[in-house]
Amino acid sequence: MMVPISEAVPSLPGYSEISLEMTFDAAHRIVGHKGKCARLHGHTYKVHIMVAGSVEPPGFVVDFGDIKSLVNQWDHMTLLWDQDPLILTTEHADDMDDFGVVRLSFNPTAELMAADLAYRIQRIFPNLKKVMVELWETPKSMARALR
């Protein structure tokens, strides 16, 4: 005998985990790096995000689209630390947003990008008890942030 869906699905709230993977393209440079990463360059980043928390109406832990929107704020942008001399010495510093530059409060390393994304996700969605962000800068180089 089939169980009606209304009986099979527990009533809210519940607890669940969701994850998504996506890619985005962005340029950055690492201020203070002793090698080639001090120069402006780009990556196709891959990000894996896992969140866990209470299920909220209409039945989501978090809408996948809301998380994708956060990641897409970096897509096809140049990510620069707000203390980067490239920003500080330009006469157009106030117009950087118009040029596709995202000013970050941190040097855009994979570790700090993953930590920032995890922090913003947890801050925006208070029902979350656990957030994990894995950010691949290359197919073999990944940073993980846990909150």
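**Exercise 1. Through how many residues does a hairpin join β5 to β6?**

Solution. The model is a predicted one.
Step 1. The link from β5 to β6 is a hairpin of 2 residues.
Step 2. The two strands pair in the antiparallel sense, over 6 bridges.
Step 3. Within this pairing, M132 has L146 in β6 as its bridge partner.
Step 4. A salt bridge also involves side chains here: R144 and E134 approach to 2.6 Å between their closest N and O atoms. R144 belongs to strand β6 and E134 to strand β5, 10 residues apart.
Step 5. E134 has a relative accessible area of 8%, and is therefore buried, the cut-off being under 20%.

**Exercise 2. Determine the strand order of the open sheet and identify the strands at its edges.**

Solution. 
Step 1. The sheet holds 6 strands in the order β4-β3-β1-β2-β5-β6, and its pairing is mixed.
Step 2. On average, and ignoring direction, neighbouring strands are turned by 30° against each other.
Step 3. Both senses can be illustrated. β3 (residues 77-81) and β4 pair in the parallel sense over 4 bridges, with L80 opposite R103 in β4. β5 and β6, by contrast, pair in the antiparallel sense.

**Exercise 3. Describe how helices α2 and α4 are placed against the strands.**

Solution. 
Step 1. Helix α2 (residues 64-72) packs on the sheet, where it touches β1 (15-28) and β2 (41-54). The direction of α2 makes about 25° with that of β1.
Step 2. Helix α4 (residues 110-124) lies across β1, β2, β3, β5 (128-138) and β6, and runs at about 150° to β5.
Step 3. The 15 residues of α4 reach 21 Å from first to last C-alpha, close to the 21 Å expected at 1.5 Å a residue.
Step 4. Buried residues of α4 include A110, M113, L117 and I121. Among the elements that cover the buried residues of this helix are β1, β2, α2 and β5.
Step 5. E111, also in α4, has 52% relative accessibility and therefore counts as exposed. The C-alpha atom of E111 is separated by 5.1 Å from that of A143, 32 residues away along the chain.

**Exercise 4. Which residues touch the most other members of the largest nonpolar core?**

Solution. 
Step 1. The core has 33 residues, and those with the most contacts to other members are I49, V51, L117, I121 and V133.
Step 2. At least two residues each come from β1, β2, α2, β4, α4, β5 and β6. The largest share, 6 residues, is supplied by α4.
Step 3. Apart from neighbours within four places in sequence, I121 contacts I49, V51, I67, L70, L128, V131 and V133.

**Exercise 5. Compare the surroundings of two salt bridges, K46 with E21 and D84 with R29.**

Solution. 
Step 1. The whole structure contains 5 salt bridges.
Step 2. K46 and E21 meet at 3.9 Å, N to O. K46 is in strand β2 and E21 in strand β1, so the pair ties together parts 25 residues apart in sequence.
Step 3. K46 counts as partly exposed because its relative accessibility is 31%, while E21, at 52%, is exposed.
Step 4. In the pair of D84 and R29, the closest N and O atoms are 2.8 Å apart. D84 lies in the loop between β3 and α3 (85-88) and R29 in the loop between β1 and β2, so parts 55 residues apart in sequence are tied together.
Step 5. Both D84 and R29 are buried.

Definitions and conventions. Residues numbered from 1 in each chain as written. Predicted model: local features only at pLDDT ≥ 70, side-chain atom pairs only at ≥ 80, totals over all residues. Heavy atoms only, no water. Pairing = 2+ DSSP bridges. Axes fitted to C-alpha atoms, helices over the stretch in contact; angles between N-to-C directions. Contact = heavy atoms within 4.5 Å. Core = buried A, V, L, I, M, F, W, Y, C linked by side-chain atoms within 4.5 Å. Buried < 20%, exposed > 50% of the residue type's maximum accessible area, 1.4 Å probe, protein only. Expected span 1.5 Å × (residues − 1). Salt bridge = Lys/Arg side-chain N within 4 Å of Asp/Glu carboxyl O.
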